[in-house]
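Welcome! Here is a friendly briefing on a structure that may be new to you, arranged by topic.

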Amino acid sequence: MSVDTNNFIVATFALWAGDFEYAETLLSRYAHVPALNGAVESPDDLIRRTSALRLRQLRQKKGEFKELAAEHGLRNPVLANPTVLVTNHLRGALWRTSAREFDLRAYLTDLTWDESLLRLAHNEANQHERSLEPVEQTNSGLGFGDKQPPKTTRGVAWTVTGSLLLRAQLSDMCLLEVNGLWTEPKLTNSDEEIKGPFLKLLHALDPDLVRSVSGSIKQTG
Amino acid sequence: MDVQLKIQLGLYGNSAYLTPIRLDVGSMGSTSSWAGSYHILAMGRHYDDYIMTGALMSLPPISGFPLAHPYQQLAGKIRAGGVTGNIGECVAALFARRYLSAQLGQIAHIKPRRPFRQNKSPDYLMNIGSSISSVFSGIIPKPFQLTWPDWWPVESKARNSDNASSEGRRDALKQLFAYWSLIRNSQSPAVGFGLIVGLKYQPPRQLRISLILPKNHPTLLTELKKGYKNRESILRSYLHEC
């Protein structure tokens, strides 16, 4: 695949995750590509023009966001960027969605690594509480009787227990969504207590050393 | 949920069945939140209610009763178009990954997402030319001597009934005409090739893949130069079984 195509696809993943700075970095090379108003030279050309459109849309949203942030003023700032977790083949955007809930959306930055990620995720699911499909329910419908593994799909879902309960789901497109629920009676003031379990999960899926962590955990607007 | 998977030549041609496709909540949830144009917070849960369990209540139709009567909301809720739109946009990617063995770098979601403007491109461009002949071998007209293009336009839809699905496929074909019109000068051999992926979500559920192929390529190109808006029926006659 061409560099442009891969860039564009990873940028769409970044936009899905809310990793806007990275998406803009990937798309900014198309800032001067003309709009899609007529004939195109090739499928690659159409992808470049779509990239340019996405970039314009993203920058427009950033402008709107600045105005919104200005209205809130310094006493109640609205924050634009998530905490970004980066491994060798993955990037993840970690958002706080409520007092006790957190949402990590991670995606591949190296698209050729998909089979490895799927394999490692299935391994990880086998070591934790793999999500199963109920085939029987109790009379009230609240409990499960027998359960069985889902029939083959490429993705997989599992749960990691702890103070931060993590429910992870990797899709066929290798998009990883992890919902975290803080289960201790008292909320934590520590970023590390939140980041740690998410990082550990990413590290299990991308075993090389975790490269970097940026930002602090912020609540979504 | 396993859904019947039908492949068909054009909109009305020969068909065959592949192994049913599993459209589970997990796969549909995150894939549709990526591909979908609408902002929906919990696509998986919506998919569960809208498609999997049919948790939405509805009453049987009453003959002679107005369609939009004021009691409708007392009988339950209707599906939000944005949610079904998101579901529709994601199914093509799942099909490509599982049945065409498409790599991530071969699936570009290019839908423009501009409200109130006519779309000038389909939902996806997919580099799947090398997989088409094997997966669709049972329905490809023989002999078929044109060269398969690498990149294919793919339009993806979800509709609730057979009639709505047929209409959806015809609408999808208009998106392909728009794409072919964009590339007709620079990539003329690719004109006339495309896929339409349509999910019918009321039981019996079905995912139908329509393989669009040119029947009279030179004439299709000539006619396309005259425009495609309001000329769909003419252009369709130069495609196989459309």
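**Domains, chains and helices**

Chain A is divided into domain 1 (3–72) and domain 2 (83–214), with bounds that come from an automatic or database domain assignment. This is a predicted model, in which local features need pLDDT of at least 70, side-chain atom pairs count only at pLDDT 80 or more, and totals for chains, interfaces and linings use all residues. Residues are numbered from 1 along each chain as its sequence is written, while chains are lettered from A and ligands numbered from 1 in the order in which they are written.

**Between the domains of chain A**

- Ten residues from domain 1 of chain A and eleven residues from domain 2 of chain A make up the contact (two residues are in contact if their C-beta atoms, placed from the backbone, lie within 7 Å).
- On the domain 1 side, helix 1 (residues 3–17) of chain A gives the most, with seven residues; helices are DSSP runs (H or I, at least four residues), numbered from the N terminus.
- That side of domain 1 of chain A has seven nonpolar, two polar and one charged residues (Ala, Val, Leu, Ile, Met, Phe, Trp, Tyr, Cys and Pro count as nonpolar, Asp, Glu, Lys and Arg as charged, and the others, Gly among them, as polar).

**Between chains A and B**

- The contact takes 33 residues from chain A and 30 residues from chain B.
- On the chain A side, helix 1 and helix 3 (43–72) of chain A are the elements that give two or more residues, and helix 1 of chain A gives the most, with six residues.
- The side of chain A that touches chain B divides into 18 nonpolar, nine polar and six charged residues.

**Helix packing in chain B**

- The axes of helix 1 (residues 25–35) of chain B and helix 3 (residues 81–99) of chain B come within 8 Å and cross at roughly 105° (axes are lines fitted to C-alpha atoms, for helices over the stretch in contact, and angles run from 0 to 180 degrees between N-to-C directions).
- This makes helix 1 of chain B roughly perpendicular to helix 3 of chain B (angles under 35 degrees count as roughly parallel, over 145 as roughly antiparallel, 65 to 115 as roughly perpendicular and the rest as oblique).
- Among the residues in this contact are Met28(B) and Ser32(B) of helix 1 of chain B, and Cys90(B) and Leu94(B) of helix 3 of chain B.
- Helix 1 of chain B also packs with helix 2 (residues 43–52) of chain B, at an angle of about 120° and with axes 8 Å apart, which makes helix 1 of chain B oblique to helix 2 of chain B.
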